[in-house]
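Please look over the sequence and the structure first.

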Amino acid sequence: MEECIFCKIIKGQIPSTKIYEDDKTLAFLDIAPVNIGHALIIPKEHYANIYETPEDTMSDIIKVAKKISLAVKEAVKAEGVNITMNNNHAAGQVIFHSHIHVIPRFSNDGFELWHGKRAYEDDEMKSVAENITSKL
Ligand code: AMP
Ligand code: ZN
């Protein structure tokens, strides 16, 4: 994966501001943060996104996200923290190397979450749930 910018960060070929590293994961500050302290956690092995990332690797990065959340929250005195993972362009994924965002939040910081809507017709929720469970 020669072109992948996060693989280049892992190899030290481009600079990053690291905050945590172990044998399987790396965490560094996002270069264009929602708020100061916004961090990214990545596996050292390249996987494009959640679909191809093994469960054990997902566990590795979410465990680090937990650690980093506590540290970032304390360090920047955040009032809250969002954990997000974008998968595919439609979901806002720009870098196709799996990563979890740890985003420190403050009241009225201007960062908006999704706006839920009424989407289901009568009884549709049940059939959607059945459809999903049939894929598990
Ligand atoms: P996503 O939209 O989930 O793919 O997020 C990619 C994130 O990577 C964005 O928030 C970018 O600001 C961040 N990013 C891109 N290049 C770098 C870099 N060289 N160092 C740190 N963060 C980066
Ligand atoms: Zn990569």
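Helices (H or I, at least four residues) and strands (E, at least two) are DSSP runs, numbered from the N terminus. On that basis the chain reads α-β-β-β-α-β-β-α along its sequence, which comes to three helices and five strands. The model is predicted: local features need pLDDT of at least 70 and side-chain atom pairs count only at pLDDT 80 or more, while totals for chains, interfaces and linings use all residues. Residues are numbered from 1 along each chain as its sequence is written, chains are lettered from A and ligands numbered from 1 in the order in which they are written, and side-chain values use heavy atoms, with hydrogens and water left out.

**Overall dimensions and burial**

- Taken along the principal axes, the C-alpha atoms of the chain fill a box of roughly 55 × 40 × 25 Å.
- Of the 136 residues in the chain, 32% are buried; buried means under 20% relative accessible area, exposed over 50%, and partly exposed in between, with a 1.4 Å probe and protein chains only.
- Leu26 is in strand E2, and its 1% relative accessibility is why it counts as buried.

**Zinc site**

- Cys4 (SG), Cys7 (SG), His46 (ND1) and His97 (ND1) coordinate the zinc ion (ligand 2) at 2.0 to 2.3 Å; donors are N, O and S atoms within 2.8 Å of the metal (3.2 Å for Na, K and Ca), and sites may look incomplete because water is not among the atoms.
- The site of the zinc ion (ligand 2) is tetrahedral, with angles of 104 to 118° among its four donor atoms; four donors count as tetrahedral if all angles lie between 85 and 135 degrees.
- Along the chain, the donors of the zinc ion (ligand 2) have the spacing C-x2-C-x38-H-x50-H.
- His46 is in the loop between strand E3 (39-43) and helix H2 (55-76), and His97 is in the loop between E4 and E5, so the pair ties together parts that are 51 residues apart in sequence.
- His97 counts as buried because its relative accessibility is 0%.

**Nonpolar core**

- A nonpolar core is a set of buried Ala, Val, Leu, Ile, Met, Phe, Trp, Tyr and Cys residues joined through side-chain atoms within 4.5 Å.
- The largest nonpolar core has 11 residues, including Ala27, Ala39, Met58, Ile68 and Val102.
- E3, H2 and E5 each supply at least two residues of this core, and H2 has the largest share with six residues.

**Pockets**

- A pocket is an open set of points on a 1 Å grid over the protein atoms alone, where a 1.4 Å probe fits, with protein on both sides within 12 Å along at least five of seven lines; lining residues have an atom within 4 Å of a point.
- The largest pocket has a volume of about 350 Å³, a volume being the space filled by probe spheres set on the points.
- Its lining has 19 residues, and Phe6, Phe28, Asp30, Ile31 and Leu40 lie nearest the centre of the largest pocket.
- H1 gives the most to the lining of the largest pocket, three residues.
- The second largest pocket holds about 190 Å³ of space.
- Among the 14 residues that line the second largest pocket, Thr84, Asn86, His101, Ile103 and Phe111 lie nearest its centre.
- E4 supplies the largest share of the lining of the second largest pocket, three residues.

Notes: Four donors count as tetrahedral if all angles lie between 85 and 135 degrees; four count as square planar and six as octahedral if opposite donors are over 155 degrees apart and all others between 65 and 115; anything else is irregular.
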